[in-house]
Amino acid sequence: MADHVTRVVIVGGGSAGWLAAGIIAATSPNHVQVSLIESPDVAPIGVGEGTWPTMRATLQSMGISETDFFRECDASFKQGSKFSRWTSLSKDDDYYHPFTLPAKYHEINLAPFWLPFKEKIPFASAVCPQAAVCDLGYAPKQITSPEFSAVLNYGYHLDAGKFAPFLHKHCVEKLGVNYISANVTVINSHENGDIRSVNTDTQGEVVGDLFVDCTGLSSMLLGQHYKVPFVSQQHVLFNDSALAVQIPYIENADAIASHTLSTAQTNGWIWDIGLQSRRGIGHVFSSRYTTDELAERELRNYIAPSVGEKMAEELSVRKISFNPGHRDTFWHKNCVAIGLAAGFIEPLEATALVLIEISAKMIAEQFPVNRSTMDIVAKRFNNTLGHHWRRIIDFLKLHYVLTKRTDTEYWRDNCLAGTIPDSLQELLALWKVQSPWLHDEMRREEMFPSASYQYVYYGMRGMTESAGVDRYALGGKPLCDRKLRKAEALFMENAQHIQQLRKILQPNRELIEKIKLYGLQTI
């Protein structure tokens, strides 16, 4: 009984620390006590973030009100991402990666039946209504929809600077998390190498059984104390810098986009996220291919049409540098890293917060009852997170290798075979003769379902040979009129669904203002 795990000590706050605290405190066994040590001297890096739809279930499991979340975190709806000029320099080059799956996705693969019409309608528009809803700037639900329920699948855009304090208050007042404001000065070890406790500058010694490292890029516990190696992925994903800026809406009633807009640049890309009170915009780029000055010029040129050249030149820009990659292992002895302490890849496709959710959820659901079983849980954790990181790297690289752009060395080098992981090269070879689908999902719970690969692959004009696709789609049998009729019916239903949604949904900002005023129904 002496080795029972009852005391969880989270070192570091911010979105990572407080999300981890909330998830573990809400879903771990009742006897577990969660403490969080947050430095009063370290400011969080968060610049405004996008989430995956998983955040809805996460907030709900913590007992958070979605109405309160919208009111206090400057939040807005996110229904996916729109990518512009990633394939070519054409101004009309764009595609959507929506959060809603293609119609009847687990019953039929619509991609083979769409391919003959690929020049007439974009893939996302043919198989799902969400791209059309995003183009309209509409929200994914109605004011009569209960909290966390949806007409169309959605996540959020949020202000990270407001999100962490919001979680802090909820975790302390509702979930019983013990909050300690102090700096960690010394890490004390047991004879077996486990962390026994940490000393703080103002609150004395804090003893724990399981330590969660949420100390950001410094990775104080896993990286500095245990010296777990960092595995750089810059040879695959080149970007290592970001310039972030916040811009106001010109009018308070200006539309709020219900998707993240990602626009490719000469040596990187610009994100554009709409919150209630402002837009968060940033230029992600590779310092190997361009300079801060040139990247900043592109960023200000992007902003100028929205706020005018004078304001665009006066806005303060914040520089963030990072080494894309992750720790060699994520759980070592009685210490597990979450968030930036575990790793960071460019913010394309909003993977940062969802990795925190996955990590904390796995800790809570497979919480080690005692120290004797902790190494088994840690092994599972490391295998799972290692798989997720590899899939993230493949998925993000997919956005680059399909480009037809040759205007700069940056885009040309991204297509070199030596920069593409073998696992992604295998998928690309398969997709030339068979469409991405469920067989590409290696685990029961993939971070990116195969539908995400479909949206990006066909959005960037990936090719699949018709004969091979037909053979795969029909199980190697002759063309089946029944399946063809079903596909045609689903395409027609999608078009009709879009017309219905036009009538029942409303602009993103209008619904958010109603939520703030009236609130959503609780279930």
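As the model is predicted, local features need pLDDT of at least 70 and side-chain atom pairs count only at pLDDT 80 or more, while totals for chains, interfaces and linings use all residues.

Strands β1 (residues 7–11) and β2 (residues 33–38) run parallel and are joined by five bridges. Here strands (E, at least two residues) and helices (H or I, at least four residues) are DSSP runs numbered from the N terminus, and two strands pair if DSSP finds at least two bridges between them. Both strands belong to an open sheet of six strands with mixed pairing, in the order β8-β2-β1-β12-β21-β20. At its edges, β8 (178–181) and β20 (331–332) each pair on one side only.

Buried means under 20% relative accessible area, exposed over 50% and partly exposed in between, with a 1.4 Å probe and protein chains only.

Leaving aside residues up to four places away in sequence, L398 touches L424, L428, W431, Y453, V456 and M460, where contact means heavy atoms within 4.5 Å. Y453 and V456 are among the buried residues of α15. This helix is largely enclosed by the rest of the structure, because 10 of its 10 residues are buried. Its buried residues pack against β6, α4 (111–114), α5 (123–127), α12 and α14 (422–431). After α15 comes R461, with a positive phi near 65°.

The second largest pocket is lined by 35 residues, of which T54, I358, K361, E445 and E446 are the closest to its centre. Among the elements that give two or more residues to this lining are α1 (14–27), α12 (371–401) and α15 (450–459), and α11 gives the most, with seven. A pocket is an open set of points on a 1 Å grid over the protein atoms alone, where a 1.4 Å probe fits, with protein on both sides within 12 Å along at least five of seven lines; lining residues have an atom within 4 Å of a point.

Conventions. Residues numbered from 1 in each chain as written. Heavy atoms only, no water.
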